[in-house]
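This report goes through selected local features of one protein chain. Please keep the sequence and the model open while reading.

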Amino acid sequence: MSTFGLEKTFEPKRVVVVGGSPRPHSIGAIVLQNLIKGGFTGDITVVNSHYGEIAGLKTHPNLKALPFVPDLIVVTVPAPAIPEIITQAGELGVAGAVIISSGLGHGLGSIAEAAEQAARAHKLRIVGPNCLGIMFPHVGLNASFAARHPTPGSLALISQSGAIAAAMVDWGAEKSVGFSGIVSIGDQLDVDVADLLDYFALDDKTRAILLYLEAVKDARKFMSAARAAARLKPVVVVKSGRMAQGAKAAATHTGALAGSDAVYDAAFRRAGLLRVLDLRELFDCAELLGRHVRAPEGKRLAILTNGGGLGILAVDRLAELGGVIAPLTSDTTAKLDAALPSTWSKADPVDIAGDAGSDRYLAALDILLADPGADAVLVMNVETAVASASGIAEAVTERVKTVRAQKYSSPKPVLAAWVGTDQSVAPIFDKAEIPHFPTEDDAVRAFMHLVKHREATEALLATPPDVSSLFTPDVSVARKVVGDALRDGRSWLDPIEISILFKAYAIPMVPTLAAGDPAEAAAKAETFLAQNLAVAIKILSRDITHKSDVGGVVLGLTTRDEVHDAATRVMANAKRARPAARIEGVMIQPMIVRPGARELILGIADDPTFGPVIAFGRGGTAVEVINDKALALPPLDMNLAGDLVGRTRVSRLLAAYRDVPAVPPDAVPLTLVKLSQMAADLPEIHELDINPLLADQNGVLALDARVGICVPTMQFAGGTRFAVRPYPTEWQRRLQLKDGSKVCVRPMRPDDEPAIVRLLQSVSPEDLRLRFFHSVKEFSHQFVGRLTQLDYARAMAFVALDPASKEIIGVVRLHSDSRHETAEYAILLRSELKGKGLGWALMQLLIEYARAEGLKSLYGEVLNENTTMLAMCRELGFKVTGDPKERCMSVVSFKLEAAVGKLPAQGTD
């Protein structure tokens with residue numbers, strides 16, 4: 001999350017090439033020439049002890065001999081010399097270093113470790129080593145050995161591959177697409193993907209971020225930065241290694257379902273990133289985003305073409321990707337009838353025939369742009385001898401430019417596909433900044449990328465329904481079950497323990513009884529036989545995970561004798577198949593007959609990078625063969641759980657069909673939310689399988705389950721194993737105010753949005769101005785969503801609730817800096833409650849939280865006229881100083897380490 005020092009590194013005034021060389025084709029020579037030819041207007045100097053002058057520039061023997069302190073050094077020298085160079089740079093106060101050299105090694109005792117330690121000691125940022133370099137065209141900085149110079153633009157590129165970065169520069173030059181910044185991160189000794197996402201998210205020259213990714217080192221840091229960036233601008237990612245096999249040795253179906261790339265896909269989806277599968281799609285996205293095309297309001301596409309077959313192919317691809325062909329309204333159809341020959345297609349795609357010229361294209365385009373049933377328009381052309389393809393392109397671009405210039409309108413996106421046309425057409429569209437593609441497939445895919453980006457952005461800000469009233473887990477019982485098993489040295493819960501665990505989380509499960517021998521099994525089976533229920537006998541062994549594989553399951557037993565014989569048989573089968581296994585006896589379960597029930601699989605898998613993952617799909621014994629599954633990173637809410645279910649084919653079977661009633665819509669998503677909560681409460685669960693989970697009109701019922709446990713070895717900050725930090729329930733409090741009254745305080749939740757709106761509406765306009773520094777009159781979903789959608793890894797907000805009405809009466813929040821050392825705070829109370837001690841109590845709680853998080857200081861900006869807040873800050877021990885940039889403001893700061901033990905009593909109970 002660290003952006004410390006990056007502004008000077010990426011927009012330097014003085015640059016030094018350490019290892020600049022006169023030797024042709026050497027890295028040192030190419031980097032130096034790129035800096036000179038790239039248009040950099042600052043100072044460029046060379047450090048090389050073997051030459052007095054290189055490329056007309058005076059050289060210096062080392063960094064200490066420089067007449068100034070550079071902002072950035074670019075290092076191309078052999079690896080052994082690098083730690084000393086970094087040490088010298090750090091001592092001078094250099095902000096950043098781009099290490100292009102390779103061969104520094106990895107880990108303890110390596111040259112890389114020595115360089116990293118030297119940089120850390122002086123807070124010097126390192127990009128690389130083993131990288132192509134960095135390029136920031138807006139300041140003319142090309143500190144790389146790329147073959148071409150990028151032009152200024154609004155796309156940022158972060159690449160773990162130097163070759164991919166170079167290819168994107170070449171592509172951009174050919175397509176007239178510019179970049180705000182290009183960073184090849186190499187081995188990520190210091191600056192990593194998350195740091196750069198943070199930087200470009202707040203960079204006003206960057207409109208969208210392109211990301212080439214091979215692996216994530218710190219999942220919590222990556223997810224936090226990615227979610228924050230995606231809320232502000234589009235982030236498109238392509239990841240290599242999609243076909244790598246994961247979880248080969250998994251003991252449960254869920255573990256086998258969770259391949260490594262599938263987990264990355266779930267992570268990207270959760271972060272709101274738009275994933276593409278290859279460079280071709282990445283180029284297509286860059287084509288769209290580089291042209292400043294806005295996202296469509298929906299997924300209805302109108303297609304205008306002079307070739308019927310081409311239009312049909314486009315419709316097929318649109319349907320396959322989840323888009324919708326725009327339904328032409330009767331008014332639109334009538335207008336097209338009046339403007340076009342009678343031979344037009346009378347439907348979307350609007351086929352205006354192969355002899356169509358510019359006039360016919362423009363007439364149809366105007367009508368489709370005005371059609372309220374279309375969210376975007378794709379204009380396609382197949383070149384014929386009848387009409388000039390370039391002439392039609394010129395006419396279309398001029399019309400689109402005219403529509404865009406009408407400031408009173410909000411023009412819908414227009415995409416183009418000129419198929420089989422020579423290269424003379426491309427510059428026409430490039431000049432007009434209209435995205436254009438060589439085939440209908442590319443164009444439709446690009447449109448769906450826009451749709452998916454809009455959907456991802458909306459999902460990030462969606463307000464989930466509150467499920468707190470639907471179930472309350474008995475966490476203490478669950479922890480005892482898991483703890484007892486671990487103390488017993490076991491790695492799997494037995495079926496009886498699983499039934500207790502599931503009951504603690506309100507997950508319905510078939511009744512299970514244990515018997516030590518056949519006679520006891522027959523006696524206990526009478527409980528079910530007396531209800532005219534057939535029973536199943538299953539082997540009970542903590543050493544046998546898949547019971548059917550050892551002949552350990554017999555179904556459909558209706559008498560005591562059958563139960564006795566079956567128990568004898570399965571115990572003998574298990575002993576024969578697994579002689580070393582401990583056989584405790586058998587389990588007796590009633591046979592559940594639920595006609596029309598769907599067999600599902602739900603579970604928890606453990607990923608070495610992202611931690612726990614929730615899986616859902618079609619269940620049964622052929623689960624891997626059917627391969628109908630989807631994954632999501634916890635924690636889940638009902639919206640996220642519903643999305644997880646909806647990404648599978650089996651989800652369609654949950655609705656009613658023929659004479660089969662529908663499954664209650666919340667039944668399966670709620671069960672997934674319960675599993676997510678279980679994973680949060682019990683980090684010892686590393687693998688869990690419910691297969692099958694029956695689902696029908698009566699709800700859900702788990703027939704069989706496996707739960708693997710171990711002492712967790714990987715934890716992120718905050719003591720959780722989730723890459724997305726879960727809701728911190730441990731920070732719920734009751735605070736006492738000055739008058740002795742008490743208020744309930746808890747961390748803010750996304751579903752607090754309506755209550756936050758009511759709080760804002762209850763605050764006086766003057767108090768809102770003092771809080772937000774400007775007048776606030778509207779409380780849109782986007783505005784309030786940014787307040788309530790918290791990433792608890794870097795931000796926290798506490799809400800105070802009125803004990804009687806449960807309404808929110810105050811909020812205090814902090815947002816940590818990129819190094820997780822300093823945090824900015826803000827506070828807002830209902831106007832009529834000021835002076836009662838609520839603000840004081842909330843600030844004390846925030847300070848307690850900041851200390852627990854390991855933060856070093858708090859600060860805030862306060863208007864000088866807000867004398868009440870300034871007085872409270874002084875009383876709490878904050879230092880108050882004038883803001884050097886804004887005379888109307890003061891900056892208040894609080895050193896957490898120095899103030900330990902100096903605060904008044906906390907006022908909690």
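The model is a predicted one.

**Salt bridges around Lys 221**

The structure contains 46 salt bridges. One of them pairs Lys 221 with Asp 192, with 3.0 Å between the closest N and O atoms. This pair connects distant parts of the chain, 29 residues apart: Lys 221 sits in helix 7 (residues 219–232), and Asp 192 in the loop between strand 11 (179–184) and helix 6 (193–201). Lys 221 also meets Asp 195 in a salt bridge, at 3.1 Å from N to O. Because Lys 221 belongs to helix 7 and Asp 195 to helix 6, this second pair ties together parts that lie 26 residues apart in sequence.

How buried or exposed are the partners? Lys 221 has a relative accessible area of 17% and is therefore buried, the cut-off for buried being under 20%. Asp 192, at 10% relative accessibility, also counts as buried. Asp 195 is buried, as is Lys 221. Through salt bridges with shared partners, Arg 125, Asp 190, Asp 192, Asp 195 and Lys 221 form one network.

A separate salt bridge is found between Asp 751 and Arg 749, where the closest N and O atoms are 3.0 Å apart. Asp 751 has 18% relative accessibility, so it counts as buried.

| Salt bridge | N to O distance |
|---|---|
| Lys 221 and Asp 192 | 3.0 Å |
| Lys 221 and Asp 195 | 3.1 Å |
| Asp 751 and Arg 749 | 3.0 Å |

**Helix 6**

How many residues of helix 6 are buried? The count is 9 of 9, and the helix is mostly covered.

**Arg 594**

Arg 594 is located in the loop between strand 24 (585–590) and strand 25 (598–607). Its side chain makes a polar contact of 2.6 Å with the side chain of Asp 696. Apart from neighbours within four places in sequence, Arg 594 is in contact with Leu 694, Asp 696, Asn 698, Gly 699, Val 700 and Leu 701.

**Cysteines**

How many disulfides does a search of the whole structure find? The search gives 0. A disulfide would be a covalent bond between the sulfur atoms of two cysteines. Cys 285 is buried, with 3% relative accessible area, whereas Cys 744 is partly exposed at 24%.

**Backbone geometry**

Most peptide bonds are trans, and most residues other than glycine have a negative phi. The following are exceptions.

Gly 128 and Pro 129 are joined by a cis peptide bond, with omega about 0 degrees. Pro 129 falls in the loop between strand 7 (125–127) and strand 8 (133–136). Another cis peptide bond joins Asn 691 and Pro 692, again with omega about 0 degrees. Pro 692 is part of strand 28 (residues 685–696).

His 25, which is not a glycine, has a positive phi of about 70 degrees. This histidine is in the loop between strand 1 (14–18) and helix 2 (27–37), and His 25 is exposed, with a relative accessible area of 76%. Gln 188 likewise has a positive phi, near 55 degrees. Gln 188 lies in the loop between strand 11 and helix 6, and counts as buried at 7% relative accessibility.

Terms used. Residues numbered from 1 in each chain as written. Predicted model: local features only at pLDDT ≥ 70, side-chain atom pairs only at ≥ 80, totals over all residues. Heavy atoms only, no water. Disulfide = S-S within 2.5 Å. Buried < 20%, exposed > 50% of the residue type's maximum accessible area, 1.4 Å probe, protein only. Helix = DSSP H or I, 4+ residues; strand = E, 2+ residues; numbered from the N terminus. Polar contact = N/O pair within 3.5 Å; in protein donor to acceptor, adjacent residues only side chain to side chain. Contact = heavy atoms within 4.5 Å. Salt bridge = Lys/Arg side-chain N within 4 Å of Asp/Glu carboxyl O.
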